[in-house]
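Try each task before reading its solution.

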Amino acid sequence: MLIREIAEKDNEQVEYLIRSCLMEFGANKPGTAWADPTLGDFYNLYSNEGSKYWVVEDNNKIVAGCGVGPVHSWPDICELQKMYALKEMRGTGFSSELLRIALDFAKKHYKKCYLETLSNMVAANKFYKKNGFIQLDKPLNATEHFACDVWYMKTLK
């Protein structure tokens, strides 16, 4: 298995990965990443300064991914974005390595890292807390992800 930055050829597989995970958790609806207009064009979306997306590839198949991007109106805060893994990849340690890579990148550009998720993604919530994210009472900004009901922040050192 290989962790690498997204390539243009990965766009379709990354969209499939995210949509598959969202369907698994009943989040294939407006107010989630499901409705993001850029879902199939991450290569271009994450080519801007302070943004990056990584994938885990196994035999030419994208099995996990994670991105970092800016939070509008908060120049010192990034957002951990679109962190998803196929069911068979969960618990293998690759998500921890993916998160480490993303946060190492984020530390070079930002002071804090924010994320939004869903409460029914129980394992993900435990994972974020285990990795030092502190749960917030409300979202940082009003976003297009209004269906998300759990928010976290981590200070980057």
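**Exercise 1: cysteines**

The count comes to 0 disulfides, where a disulfide is a pair of cysteine sulfur atoms within 2.5 Å. The model is predicted: local features need pLDDT of at least 70, side-chain atom pairs count only at pLDDT 80 or more, and totals for chains, interfaces and linings use all residues. Residues are numbered from 1 along each chain as its sequence is written, and side-chain values use heavy atoms, with hydrogens and water left out.

Task: find which cysteine sulfur is nearest to that of Cys113.

Solution. 
- Start with Cys66: the nearest cysteine sulfur belongs to Cys113, 8.1 Å away, and Cys66 is in no disulfide.
- Cys66 has 0% relative accessibility, so it counts as buried (under 20% relative accessible area; exposed is over 50%, partly exposed in between; 1.4 Å probe, protein chains only).
- Now Cys113: the sulfur of Cys78 is nearest, at 3.7 Å, and Cys113 is in no disulfide.
- Cys113 is also buried, at 0% relative accessibility.

**Exercise 2: a helix**

Task: check the span of helix α3, then locate its buried residues.

Solution. 
- Helices are DSSP runs (H or I, at least four residues), numbered from the N terminus; strands are E runs of at least two.
- The expected span is 1.5 Å times one less than the number of residues.
- For the 14 residues of α3 (94–107) that gives 20 Å, and the end C-alpha atoms are 20 Å apart, which agrees.
- Buried in α3 are Leu98, Leu99, Ala102, Leu103, Phe105 and Ala106.
- Down the axis of α3, they fall within an arc of 155° (directions from the helix axis to the C-beta atoms), so they line one face.

**Exercise 3: positive phi**

Task: is Asn59 buried or exposed?

Solution. 
- Asn59 has a positive phi, near 50°.
- Asn59 sits in the loop between β2 (52–58) and β3 (61–71).
- Asn59 is exposed, at 71% relative accessibility.
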